Amino acid sequence: MKTKTLTKLSSIVATLLCIVIGLILAFVVLLVTYSATKSSSVSAITGRFSSASWGMKKILSLGLSNPSSYSEYLRRFTTLKYNIGQVLYYAMPLIMTGLSVAFAFKTGLFNIGASGQYLFGGIAAIICAGMLHLPWYVSIFAALIAGAIWGAIPGLFKAYLNINEVITCIMTNWIGLYLVNIFVYNTPAIQSLGADSSRTLTLTGDGIILSRLNLASLFAGNDNVSVGIIVAIVFAIVVWVILYKTTFGYELKACGLNKNAAKYAGINDKKNIILSMVVAGALAGVGGALYYLTGNNGAVYKTEEVLQQAGFDGISVALLGGSNPIGVIFSGLFIAFLKVGGDNLQPVYNTEIVSVITSTIIYFSAFSLFFRNLILKGRVKRDLAISNQSNILNKPPVIADIKGGEKQ
Amino acid sequence: MTLLPGLINSTLLYALCLVVVALGGMFTERSGTINIGLEGTMIVGATFGALTIRAFNMNGFGEVAGQWAVLIAVLVAALSGCIYSMLLAFASIHMKADQTIGGTALNIFAPAFCYLLVSSIQSEFSSAGSTTVLFNYDWVTFNLGFSEEFRNSFFGILLFKGFAITTPIAILIWIISTIVLYKTRFGLRLMSCGEHPQAAASAGIGVYTTRYIGVGLSGLLAGFGGIMWAFIATSGVAPGAGVAGFGFLALAVMIFGNWKPQNILGAALIFAFFNALGKYSSGIDFLPSFSNLAQGTGDSIYKMLPYIVTLVVLAFTSKKSRAPKMEGIPYDKGAR
């Protein structure tokens, strides 16, 4: 038991270590990309080093820096509240796509198709909300179904035709994008919602867009905050219950750890592969619905030729969260936090610095096994020797997992 | 008379570019490492190659030496890709890290890093600080001394439209890769490391070294593919926009081609043909134009076509598909 808690503790320390390394590299990038002309817009900056530390403070304090007086303090407190609301708003679709990727990881599948499923869910929600004027929870349910259908395709191909899910997911991403575009071009009702030549549309109306629950007053009037973030967290908890407290979840994980062993134990691996992709698709679909149903500037659907970035962000969220649904809530919030911080870097720095931080953290989190072993060195060996005396078949507590982070 | 040669030309160029990157993916997966970071590696290659061409144009070397300068730029692109892929090799081979995580990190890092690099370099030269590296200089195009008139004729378009020095090299790469994989000691050793590394090690093969070479080759080819893509698709490299999912497509082509060079060529040709068909569809009379539907519909349908065709072909051919047995699993000396 003691070893288990120690392992958990050390994995948290390892994650923090990764974040620190990421931030250090970001500071170096801030130092290198300093430009005198751009930073002249901020009076506090006097040189390369002060500029970099200004940027770092902006990222870490959600756009604030040291207040000089009490009134200044109050003003900045308002900005802080607004920015926290912004973090929640950004986090909502990220948590959902992160959950989608994490859920598939648990079955040993790599859902790189969250982008297409997200879009399908989004358009289903737009149809329900914009054309049929249904309440937001019905729209979310429709998005869930649409995402599930689009996610089922890679699952079916994998289970019955032995086609690698990575390739089907890439194909369904693009097919989904063009299908949605064709649908939008040919539906006059969608264009009339906010028709212009580029076919953008905006959703409005109480009850149709996500309920605000008077949350705006908590976040200094930021009306991007809605019931959506609560929906996302509830979904995360539901996914956690499914994975760790039900037979279905146990079977899914068994398939992910060793397909042949699962089959031998009488688990229907084909059914589990399909169901896993269906659930993953549904989660990504809800993410799309939450994003478009927010109803402010975020709810504009534009026909584009580029895949939705939210689906790919989901991969980083899932990896950072160790493929654990509860971990995904925090990693989603963390990435959203960095994004808001990055927005505040402008115009002195480019927002791309956030991607540098994220990728560095992800890269080093791949080493987390190594870090953990380093931290645990000696300690585990001794504990293991004791536990081995009682049970010779006891597994070592730190094992390399082939896909998707740590074991529970 | 420009339709047919244009169609064939577009198919060949696009297919060759896919083939090169997919071959890179093949080498690394055959050695047992999954490289999902091909997309990011391509961006690095394209950016460094384009920056080299720009530098040669500024110091006048390009005007004097022409194709030699382009060749050096292509080498720089390939080498930068190779060095970049070493990040993945180190994480996945020595640190035994999850290869999907490493590859994803590479994909996120590359566009951000290249964007920052380009914007800070270019702001030195112009106040606008453009984030696109342009290389549409006269000396970059490869004419082989043929006249303007010939280049607009049937065979001229067939062979030389969008032709750059990368095209013949890509053909060479395919031939060499096929021979290396099947006919040389290195190729057979590489495959054994992806199938059963412990057995390979017991036969005296250095699994770590072989896997490093495998990943390095994938970086080399992806970097080359990056600059090739830039020559075909655009007149400049915008790192922020990346290579439009091309690296992922190459990954799909590799799986479609069943990790075999011949099949990869076939798969790339099928995909590229339908892609080219979409591009030229408006000029082909017997193809439906979907003009009774809203504007943009037909265009989208043809763009969707290569992806659908790939899925359908896969559905019929994939029963026998088999990935290298130990791909994605870190080599553990102690495991049996």
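This tour moves through a predicted model of two protein chains, naming at each stop what to select and what is found there.

**First stop: chain A as a whole**

Chain A has 408 residues, and buried residues make up 55% of them. If a surface is now drawn, chain A exposes about 17400 Å², with carbon and sulfur atoms supplying 64% of that area. Contacts within the chain may also be considered by how far apart the partners lie in sequence. Among the contacts of chain A between residues at least 6 apart, 75% join residues at least 24 apart.

**Second stop: two loops of chain A**

Select Asn162(A). This residue is located in the loop that links helix 6 (136–161) to helix 7 (165–185) of chain A. The phi angle of Asn162(A) is near 60°, which is a positive value in a residue other than glycine. Is Asn162(A) buried or partly exposed? Asn162(A) counts as partly exposed because its relative accessibility is 34%, a value between the limits of 20% and 50%.

Next, select Ser323(A), in the loop between helix 13 (309–320) and helix 14 (325–343) of chain A. Phi of Ser323(A) is likewise positive in a residue other than glycine, with a value near 60°. Ser323(A) has a relative accessible area of 2% and therefore counts as buried.

Hide chain A for the moment and select chain B. This chain contains 14 helices and 2 strands. Of its 336 residues, 57% count as buried. The accessible surface of chain B comes to about 13900 Å², and 66% of it belongs to carbon and sulfur atoms. As for contacts in chain B with a separation of 6 or more, 81% are accounted for by residues 24 or more positions apart.

Select Cys114(B), a residue of helix 5 of chain B. Cys114(B) counts as buried because its relative accessibility is 0%. Which residues does Cys114(B) touch, not counting those up to four places away in sequence? They are Ile43(B), Val44(B), Thr47(B) and Pro239(B). Cys114(B) and Gly240(B) are 126 residues apart along the chain, yet their C-alpha atoms are separated by 7.6 Å.

Continue to Val118(B), which is also placed in helix 5 of chain B. With a relative accessible area of 0%, Val118(B) is buried.

Select Gln67(B), in helix 4 of chain B. Gln67(B) has a relative accessible area of 18% and so counts as buried, the limit being under 20%. To see its surroundings, display the residues in contact with Gln67(B), leaving aside neighbours within four places in sequence. The partners are Trp139(B), Val140(B), Thr141(B), Phe142(B) and Ile165(B).

**Last stop: where the two chains meet**

Bring chain A back into view and select the residues at which the chains touch. The contact joins 49 residues of chain B to 48 residues of chain A. How much area do the two chains bury between them? The figure is about 4200 Å², of which 76% lies on carbon and sulfur atoms. Select Ile101(B), Leu116(B) and Leu311(B) in turn: they supply 14% of the area that chain B buries against chain A, more than any other three residues.

By residue type, the side of chain B that touches chain A divides into 33 nonpolar, 12 polar and 4 charged residues.

Terms used. Residues are numbered from 1 along each chain as its sequence is written. Chains are lettered from A and ligands numbered from 1 in the order in which they are written. This is a predicted model: local features need pLDDT of at least 70, side-chain atom pairs count only at pLDDT 80 or more; totals for chains, interfaces and linings use all residues. Side-chain values use heavy atoms; hydrogens and water are left out. Contact means heavy atoms within 4.5 Å. Buried area is the accessible area (1.4 Å probe) that two parts lose on being put together, summed over both. Ala, Val, Leu, Ile, Met, Phe, Trp, Tyr, Cys and Pro count as nonpolar, Asp, Glu, Lys and Arg as charged, and the others, Gly among them, as polar. Helices (H or I, at least four residues) and strands (E, at least two) are DSSP runs, numbered from the N terminus. Buried means under 20% relative accessible area, exposed over 50%, partly exposed in between (1.4 Å probe, protein chains only). Accessible areas come from the Shrake-Rupley method with a 1.4 Å probe; for residues, only the protein chains shown count as cover.
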